[in-house]
Amino acid sequence: MTAVNRVAIAGSGVAGLAAGIQLAKAGVQVDIFEAKDGLPALGSGISLQGNALRVFDALGAWDDIRAAGYPFEGLALRAPGPDAPIVAELPDVKTGGPDYPAAMGMPRPELARILFDHAQKAGASVRFGANVTDLRQTDDAVELFVDGASVGQYDLVIGADGVNSAVRGLVGVDTHPEPTGMGIWRTFVSRPAEVGRSELYYGGPVYIAGYTPTSDDTMYAFLVERAQDRSDVSDEEAVQIMLEESAAYHGPWDHIREDLRSGDAHVNYTWFTSHVVEEPWNRGRVVVIGDAAHSCPPTIAQGAAQGLEDALVLTELITGRDAIDETLWDEFHARRLPRARAVVEASVQLGQWQIDGDRDADAGGLIFGIAQKMAEPA
């Protein structure tokens, strides 16, 4: 029993692919339309909490993802300075339950590849270079237009097309991501043996300096600064900025700078944004999930996890009902909106404390508190 037979999904990020996998496994015809020309070949890393790992298991992808990533327990907070002293070690909160690691790092392109492979194996079709340009709804169906041409009618359209979602705009939702005042430099480097978990440095010339192991040999490192227009910075200048801004941080950061100086590291820069679409996330038979519905700074590493939970809850409801009606949408919003809002608010609050220079702020307590909330089932 499913409420739909044919579903279109805009976006091939984690939320879109997760929804596609679950629906295709249930026998639904799934067509995924991705505006980009292919899966990302470049990128840094991603930090995944236990509640994300629990979703991967439900998708049937956990074994492959575990083999491609670096699971670990705990989080350490360090101070800047020559000795990079550890000033706090946060207790483990297994947000996915006892069967999964507390957290894991992995390369973003590897995660995309694994989920894409599982979507195809489940029977979903994926079309790249396909821009959703229009939607026309009736009570029973949605006609979808891609690159100006109709691709047919669907029982449901899922907009999982990211922070700048085309679907969100097409259904008249005027909520947009807003800058939080922070920007982040990211790079992908080799992993020294001493790095076995995520570590964050607070204080010093930038708001946050940190790194997360992504495999036996790799990790990604990042610096969070005041948001600036970095659009004209060359690759060489970007590396130099990371070298200069990280100079006050030692310990493993000394190793990171060696890799940056070698000329092999790729550096990218983005701004932090946040938004939450208020209920409802759907307009008739069109619904937005993941970053299209809510986005947050990665300060507590829950962005991907929340998109995955959106997909899992939505597909659970769709495949367990025989109709798409208000009862389904009410349950979906009741399970997802308060949880997503809590993550966005906590992520923004953690960053705002850094911007304000609030020395009395309990960053560790905030991270631990939201992790405890995320340990509850979605």
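Two residues are in contact when heavy atoms of theirs lie within 4.5 Å. The model used here is a predicted one.

**Exercise 1.** Determine whether Ala 340 is buried or exposed, and find which residues beyond its neighbours within four places in sequence it is in contact with.

*Solution.* Begin by locating Ala 340, which lies in helix 9. Next, take its relative accessible area, which is 1%; because buried means under 20%, Ala 340 counts as buried. Then, with the neighbours within four places in sequence left aside, the contacts of Ala 340 are Trp 281, His 294 and Gln 306. Finally, compare sequence with space: Gly 290 is 50 residues apart from Ala 340 in sequence, while their C-alpha atoms are 9.3 Å apart.

**Exercise 2.** Describe how helix 2 and helix 8 cross, and list the residues that make the contact.

*Solution.* First consider the axes of helix 2 (residues 50-59) and helix 8 (residues 303-319), which come within 9 Å and cross at roughly 40°. The crossing is left-handed. Helix 2 contributes Asn 51, Ala 52, Arg 54, Val 55, Phe 56 and Ala 58 to the contact, and helix 8 contributes Ala 305, Gln 306, Leu 308, Glu 309 and Leu 312.

**Exercise 3.** Characterise the lining of the second largest pocket.

*Solution.* Start from the volume of this pocket, about 480 Å³. Its lining has 20 residues, with Tyr 202, Gly 203, Gln 354, Asp 358 and Arg 359 nearest the centre. Two or more lining residues come from each of strand 5, strand 16, helix 9 and helix 10. The lining residues divide into 10 nonpolar, five polar and five charged.

Note on methods
Residues numbered from 1 in each chain as written. Predicted model: local features only at pLDDT ≥ 70, side-chain atom pairs only at ≥ 80, totals over all residues. Heavy atoms only, no water. 1 Å grid on protein atoms, 1.4 Å probe; cavity = no way out; pocket = protein on both sides within 12 Å on 5 of 7 lines; lining within 4 Å. Points joined across faces, edges and corners; volume = space filled by probe spheres on them. Helix = DSSP H or I, 4+ residues; strand = E, 2+ residues; numbered from the N terminus. Nonpolar A, V, L, I, M, F, W, Y, C, P; charged D, E, K, R; others polar. Buried < 20%, exposed > 50% of the residue type's maximum accessible area, 1.4 Å probe, protein only. Axes fitted to C-alpha atoms, helices over the stretch in contact; angles between N-to-C directions. Left-handed = near helix turned anticlockwise from the far one by under 90°.
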